[in-house]
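This briefing concerns the interface between two protein chains and the make-up of one of them. The topics follow in that order.

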Amino acid sequence: MASEAATAQSNPVKRPPPKKKKERILGLPPDRLSDDHIWTRRDFFSLTGWAMFLGSLSVGGIGFLRFMFPRVLFEPDPTFKAGFPNEYPPGTVSEKYIPSQRVWIANLPEEGGLVAISAICTHLGCTPRWLASEEKYKCPCHGSGFTKEGINFEGPAPRPLERWKIGLAEDGQILIDKSKKYLSEKGEWGKPGSYLPV
Amino acid sequence: MILGNVWLHLHPPKMRRHAVRIKFTWCMGGITFLLFLVTLVTGVVLMFYYRPTGEYAYYDLKYLMHDVPFGAVVRNMHRWAAHSMVITVMLHMFRVFMTGSYKPPREFNWVVGILLITFTLLLSFTGYLLPWDQLAIWAITVASNMARATPLLGHEGPFAAQLGIGSRYDARSIMLAGTIVAPATLLRFYVLHCIVIPIAAAMLMILHFWRIRKDGGISGPL
Ligand code: FES
């Protein structure tokens, strides 16, 4: 009886140390395991494998992202020549370059001279029309209206029409560059390049 | 392999009585799937005549509508099934919401469903450009202009100036393959519309239907 009680009490002490899981995973006898490594060989190889897999996947992903932005775009040249300044009398808005370039060329003395007004509605990008009798630009999509200078005064458009860079080419013609824009809300309308003094 | 095959799980071996009641499910999920199959079949049929290039796309569509036998029927089936699918998928979502079927254990399937409604809308959006007429070009112009304002990714959105994002490399130009809606955009939308999004959506649908069974079948009345 006494011995039985002793074994019952000593049982918890004799419980094997909690190394069992490691033994099972590696399938190695305990004497070949050492406790002073954080990673086993298997951990190391599987982590290396995952790192290589995810690494090559992300390199491929970044490559694909770059692939989607071509180096050369086949788009119309942003610059064009628009004739000589004396073709645009003071106070007029010319629609001549609307079909080909979506630009109004307006001679507005109070704005300093010739300006190239972008015919892209600042609401969501439709082409407004110049209504000469009402002296306003009117967008057919959602009804935005702009004054002759391009200031939005009706409809949903949140800001004035944009202006493109305007200057003179060597041959004396007007040169318009649609890669540079001047925004009224940033106070850029008075800047050199935003208008052409005549 | 055979027992785990997803095809064998599409139809459950037994159903609960409430699940077949039209008043409970409105059959909206099933109708959505049927409409998806209709767009899939008619879409493949349309691909026999449609060329996604700037010169041909619009004239191929006219050819389909006016010369090809049953071309107009197939095209309109595709179009109306696509429109209806957006409506039924929303009604399906509404039903799932009102019957509380998004609650555990079905919360994972709700998330899959959110992805599916997104893909449905993206299919609709990319398909909109393919007729290559004025409506299509301006609609995509308007819609892609909204992407300019994407935070961190769009060139007119928050933090664009700090990150130095220009109109050449941003969320809109990756979508349009350039800075304007051009033939390059048409090709890009075509590949997304016919290959990428349908495959992604079909894979998620398989997951969606399999999860219904895994989560204990169609949910019961509250
Ligand atoms: S795009 Fe001009 S009013 Fe909306």
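**Interface and chain fold**

A salt bridge joins the side chains of B:Glu156 and A:Lys181, with an N to O distance of 3.4 Å. The count of salt bridges between chain B and chain A is one. The model is a predicted one.

**Polar contacts and contributing elements**

- Six residue pairs are in polar contact across the interface of chain B and chain A, both residues of each pair being at pLDDT 80 or more.
- On the side of chain B that touches chain A, helix H6 (134–146) and helix H8 (171–176) of chain B are the elements that give two or more residues.
- H6(B) supplies the largest share of that side, namely five residues.
- By class, the side of chain B that touches chain A comprises seven nonpolar, five polar and four charged residues.

**Extent of the interface**

- The contact involves 17 residues from chain A and 16 residues from chain B.
- Between them, chain B and chain A bury about 1,400 Å², and carbon and sulfur atoms account for 60% of this area.
- Within chain B, the residues that lose the most area to chain A are B:Trp138, B:Arg168 and B:Ile174, together 34% of what that side buries.

**Chain A**

- Chain A contains four helices and ten strands, and along the sequence these follow the pattern α-α-α-β-β-α-β-β-β-β-β-β-β-β.
- Of the 198 residues in chain A, 33% are buried.
- Among contacts in chain A with a separation of 6 or more, 42% link residues 24 or more positions apart.
- The accessible surface of chain A is about 12,900 Å², with 61% belonging to carbon and sulfur atoms.

Conventions
Residues numbered from 1 in each chain as written. Chains lettered and ligands numbered in written order. Predicted model: local features only at pLDDT ≥ 70, side-chain atom pairs only at ≥ 80, totals over all residues. Heavy atoms only, no water. Contact = heavy atoms within 4.5 Å. Buried area = accessible area lost by both parts, 1.4 Å probe. Salt bridge = Lys/Arg side-chain N within 4 Å of Asp/Glu carboxyl O. Polar contact = N/O pair within 3.5 Å; in protein donor to acceptor, adjacent residues only side chain to side chain. Nonpolar A, V, L, I, M, F, W, Y, C, P; charged D, E, K, R; others polar. Buried < 20%, exposed > 50% of the residue type's maximum accessible area, 1.4 Å probe, protein only. Areas by Shrake-Rupley, 256 points an atom, 1.4 Å probe, with all protein chains shown as cover.
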